[in-house]
Amino acid sequence: MQKLALITATTLAGTLTLGGMAIGHGDVTPQPVNTEALPDVGEEWLIENPYRAEAVGEETWLKAIEIGASGYTQNCARCHGLGVVSGGLAPDLRYLEAAEYGDEWYVERFRHGMTQNGITKMPAFGELLGQKAAWAIRTYVETRPDDGALDDHATRLGAIRDELLSGSVADPEALKVELADIAATVETGSGAPIADSVAFEASRILSDDQSTWKQAGDILTVGLSAAH
C-alpha cells in the first residue's frame with residue numbers, strides 16, 4: 001500500500017519546532033486503558049491483531065473498537081489526530097495496512113517507542129499499557145474510514161439525521177437497513193473489511209425504541225460535522 005510507505009518513510013513521529021526549540025512526541029503521560037472486558041492474549045507479545053472479528057466474533061471485535069477508541073483518544077490523539085486523522089505532526093495511522101506486516105510494524109512502535117537524535121518522538125507504551133490495550137487501539141485505528149468515504153452519502157445521511165431527530169420516524173427498520181447498506185460501501189484506509197463509520201454506528205443502535213432515534217441522530221450529527 002503506497003500510503004503505508006509514507007508512514008514508514010517518515011517513521012511514527014515528526015518534530016514540531018517552535019521558537020527554535022524542538023518539541024517531540026515524548027511529552028505525553030500515558031493514561032491507563034481498562035481492558036477487562038477483552039479476552040486475554042497471553043504474556044508473549046503477538047505479531048498479529050487477535051481482536052479482529054474473524055478471530056473473536058463481532059461482539060468482542062466491537063468491544064475492542066470501543067475500548068481502543070477510548071485508549072487512542074487518551075494516549076494517541078494529541079499527536080496522531082482525533083479520529084486518527086493526522087494534522088501533519090505525525091503520520092496518519094489509518095493507512096497502516098490491516099495485515100501481518102502492518103501489525104508487526106505497529107506493535108514494534110507501540111512497545112518500544114522511537115527515539116531519534118536523543119529526542120523521544122514516541123514514548124514506549126508497551127509496559128505501561130500492556131498488550132490488550134495495544135491491540136484494542138490497533139483495532140480502532142484500522143477500522144477508521146478513509147478520507148471522503150461518506151461524501152457521496154452526506155446529503156442522504158443529513159436527511160436521515162433530520163428525520164431521526166424530529167422524533168417522527170415512519171419506518172425505523174427501513175432506515176436501519178438503509179444505514180447498514182450505506183455503511184457497507186464505506187472503505188477503510190487500512191484495507192480492513194469493515195469501517196466503523198457513523199453510518200455503521202447509527203445502524204447498529206437504531207431500533208423501534210424511540211430513545212435510539214435521538215442517539216442515532218446525534219451520532220450522524222457529530223459525524224457529518226466532523227466531515228466538514
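This is a predicted model: local features need pLDDT of at least 70, side-chain atom pairs count only at pLDDT 80 or more; totals for chains, interfaces and linings use all residues.
Student: What makes the separation of Glu142 and Arg138 about one helical turn?

Tutor: Glu142 and Arg138 are both in helix α7 and lie four residues apart, so about one helical turn separates them.

Student: How do you know that the side chains of Glu142 and Arg138 meet in a salt bridge?

Tutor: A salt bridge requires a side-chain nitrogen of Lys or Arg within 4 Å of a carboxyl oxygen of Asp or Glu, and for Glu142 and Arg138 the N to O distance is 3.6 Å, so the pair meets that cut-off. Salt bridges with shared partners also join Arg52, Asp103, Arg138 and Glu142 into one network.

Student: Why is Lys132 called buried, and why is Asp40 called exposed?

Tutor: Buried means under 20% relative accessible area and exposed means over 50%; Lys132, at 16%, therefore counts as buried, whereas Asp40, at 68%, is exposed.

Student: What makes the pair of Asp40 and Lys132 a tie between parts of the chain that are apart in sequence?

Tutor: The closest N and O atoms of Asp40 and Lys132 are 3.2 Å apart, in a salt bridge. Because Asp40 lies in the loop between β2 and α2 while Lys132 lies in helix α7, the pair ties together parts that are 92 residues apart in sequence.

Student: Why does Glu100 count as partly exposed?

Tutor: Glu100 has 42% relative accessibility, which falls between the 20% and 50% limits, so the term partly exposed applies.

Terms used:
Residues are numbered from 1 along each chain as its sequence is written. Side-chain values use heavy atoms; hydrogens and water are left out. Buried means under 20% relative accessible area, exposed over 50%, partly exposed in between (1.4 Å probe, protein chains only). Helices (H or I, at least four residues) and strands (E, at least two) are DSSP runs, numbered from the N terminus.
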